[in-house]
Amino acid sequence: MSSLSVEESADRLQVQGHLQYDTPDHITPSNVHPSPLEQFHIWFNDARNASVREPDAMSLSTATASGIPSSRMVLFKQLDKRGFVFYTNYTSRKSRELEENPQAALLFFWREMSRQVRVLGTVEKLSKEENEEYFKSRPVGTQLGAWASKQSSVVVEDVLASRLAKFVEQFGIQASGKDGDVPSPDFWGGWRVIPREVEFWLGKPSRLHDRVRYLHIAGSPEDQPQWTIDRLSP
Ligand SMILES: Cc1cc2nc3c(=O)[nH]c(=O)nc-3n(C[C@H](O)[C@H](O)[C@H](O)COP(=O)(O)O)c2cc1C
């Protein structure tokens, strides 16, 4: 049963009330890991173990050079010592914006756990070798789809189907095939978001949520970044 009440009139839809968050756990600067990447690792595993639906789905926000923002969902694919990786088409709108303004914001919302993780940072492209290695691991249908889609450009449905057919023929493999030798397109690959700020949020009753924010200490060694950790007011 929804805890929302909605009032609708001719010129307005007004929403009142919301689910009360009531998580028993607490986070404070003293009980989190000194590294936000390790803390993320812990929370990501918690989300998987709690059967959160799509814990790997995250919102990615980018902005044009003049600061016009846009957001969309992407899949989190890798956490390494430097940051968070997702894959996409390098000619898409998000990639064009990241080329002209290499700043990104990521947001995970794990509803079932009343948890949110917010990441802000600069981006870099993955190397050709890293892209090829990951592309090889993808299902054949998805590999062919990457070739067929000129992501973010206007398309009519028939064109997408005929482009797919073209690549099925070119590579001599069906989209339903199990294994294939589909080469990695050079217009497709990963971006890594290297965080300078990460915030962990835990929903509590009466909007008195727990927030713990890490800020990267400028000049700390790249292989061992240091962070200040603060509690923020909800
Ligand atoms: C849950 C979810 C996961 C998605 N994952 C990806 C992804 O990993 N990579 C991607 O390019 N698009 C992904 N999409 C599609 C994007 O949201 C978006 O429609 C597409 O990338 C084009 O965005 P752009 O025009 O801003 O570049 C996903 C969509 C959803 C709803």
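1. Gly-17 is exposed because 10 other C-beta atoms lie within 10 Å. A residue counts as buried if 20 or more other C-beta atoms lie within 10 Å of its own, as exposed if 12 or fewer do, and as partly exposed in between; C-beta atoms are placed from the backbone. Gly-17 sits in the loop between β2 (12-16) and α1. Helices (H or I, at least four residues) and strands (E, at least two) are DSSP runs, numbered from the N terminus. Leaving aside neighbours within four places in sequence, Gly-17 is in contact with Ser-3, Leu-4 and Ser-5. Contact means that the C-beta atoms of two residues, placed from the backbone, lie within 7 Å. Ser-5 and Gly-17 are 12 residues apart in sequence, and their C-alpha atoms are 6.2 Å apart.

2. The model is predicted: local features need pLDDT of at least 70, side-chain atom pairs count only at pLDDT 80 or more, and totals for chains, interfaces and linings use all residues. Residues are numbered from 1 along each chain as its sequence is written.

3. The chain has five helices and 11 strands. Of its 234 residues, 20% are buried. Among contacts between residues at least 6 apart in sequence, 59% join residues at least 24 apart.

4. The largest nonpolar core has 24 residues, and Ala-104, Leu-106, Val-117, Val-119 and Val-193 are those with the most contacts inside it. Such a core is a set of buried Ala, Val, Leu, Ile, Met, Phe, Trp, Tyr and Cys residues joined through C-beta atoms within 7 Å. Elements that each supply at least two residues of this core include α1 (36-49), β7 (103-110) and β8 (115-125). The largest share, five residues, comes from β9. A second, separate core has seven residues, among them Leu-144 and Trp-188. In soluble globular proteins, nonpolar side chains tend to be buried together.

5. What is Val-119 in contact with, leaving aside its neighbours within four places in sequence? The residues are Phe-84, Ala-105, Leu-106, Val-193, Pro-195 and Val-198.

6. The buried residues of α2 are Lys-94, Ser-95, Glu-97 and Leu-98. They lie on the same side of α2 because they cover an arc of only 160° around the axis. The arc is that of the directions from the helix axis to the C-beta atoms. These buried residues pack against β3, β4, β6, β7, β8 and β9.

7. Around the ligand there are 16 residues, of which Thr-88, Ser-92, Arg-93, Lys-94 and Ser-152 come nearest. A residue is near a molecule if its C-beta atom, placed from the backbone, lies within 6 Å of it. Two or more residues of the shell come from each of β4 (69-75), β6 (84-89) and α2 (93-100). The largest share, five residues, is from β4.

8. Glu-54, in the loop between α1 and β3, has a positive phi of about 55°. Arg-207, in the loop between β9 and β10, has a phi near 65°. Most residues other than glycine have a negative phi. Glu-54 is exposed, with 12 other C-beta atoms within 10 Å, and Arg-207 counts as exposed with 10 C-beta neighbours inside 10 Å.
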